[in-house]
Amino acid sequence: MSGVGLENAYPEARDEPDGILRVSLHGDLTDDRARALVGALRRVAESGREVLVLADADHTGAIPPSARKVVAEELRSARIDAVAIIGAGFSVRVILTLLAKGVQMLTGQSYPQQFFGTEGEARAWLLAQRDALRARRAPVP
């Protein structure tokens, strides 16, 4: 952990040494778990880092409408720079894609989100997203 305090925010969120926030979604996403997850995203953003999320959805259960609503509402005041998702079945892919579009409609902000077959592919894509963000922010000589 890099001192952002994620271990208390969302038990399945881990701050990795390369700056990626790895989230494992095990079981159903309850309203409280959804709030805690967005809280973890906020803490990473407040630390000044890019918010790069690697979501392992292999063991994700139900994502009920109330939890989707919580995520959409809570993300109005949070920043996400990129999300890579691994292990998502068809129904989870559909829900997460619609959720990302709903967040974009509510906030006017979009973030790249991709689904991957392997963690290695997902990490490589997230690190490329990070490099692109840093290049856009770099001062022009």
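Trainee: What should I know before reading the numbers?

Mentor: The model is predicted, so local features need pLDDT of at least 70 and side-chain atom pairs count only at pLDDT 80 or more, while totals for chains, interfaces and linings use all residues. Residues are numbered from 1 along each chain as its sequence is written, and side-chain values use heavy atoms, with hydrogens and water left out.

Trainee: Okay, the sheet. In what order do the strands sit?

Mentor: Strands of a sheet pair through backbone hydrogen bonds, either parallel or antiparallel. Here 5 strands make an open sheet with mixed pairing, ordered S1-S2-S3-S4-S5. Strands (E, at least two residues) and helices (H or I, at least four) are DSSP runs numbered from the N terminus, and two strands pair if DSSP finds at least two bridges between them. S1 (13-15) and S5 (113-116) are the edge strands, each pairing on one side only. From one strand to the next, the twist averages 20°.

Trainee: How many bridges join S3 to S4?

Mentor: S3 (residues 52-56) and S4 (residues 82-86) run parallel and are joined by 5 bridges. Alanine 55 stands opposite isoleucine 85 in S4.

Trainee: And which strands does helix H5 touch?

Mentor: H5 (residues 119-137) packs on the sheet and touches S2 (20-24), S3, S4 and S5; contact means heavy atoms within 4.5 Å. The direction of H5 makes about 175° with that of S4. Axes are lines fitted to C-alpha atoms, for helices over the stretch in contact, and angles run from 0 to 180 degrees between N-to-C directions.

Trainee: On to charges: how many salt bridges does the structure hold?

Mentor: You'll find 15, counting a side-chain nitrogen of Lys or Arg within 4 Å of a carboxyl oxygen of Asp or Glu. In one of them, glutamate 50 pairs with arginine 134, with the closest N and O atoms 2.9 Å apart. That pair links distant parts of the chain, 84 residues apart: glutamate 50 lies in the loop between H2 (31-46) and S3, and arginine 134 in H5.

Trainee: Is glutamate 50 buried or exposed?

Mentor: Buried means under 20% relative accessible area, exposed over 50%, partly exposed in between (1.4 Å probe, protein chains only). Glutamate 50 has 6% relative accessibility, so it counts as buried, whereas arginine 134, at 42%, counts as partly exposed.

Trainee: Which residues are linked in a network of salt bridges?

Mentor: Arg14, Glu16, Asp18, Arg22, Asp56, Glu119 and Arg123 are.
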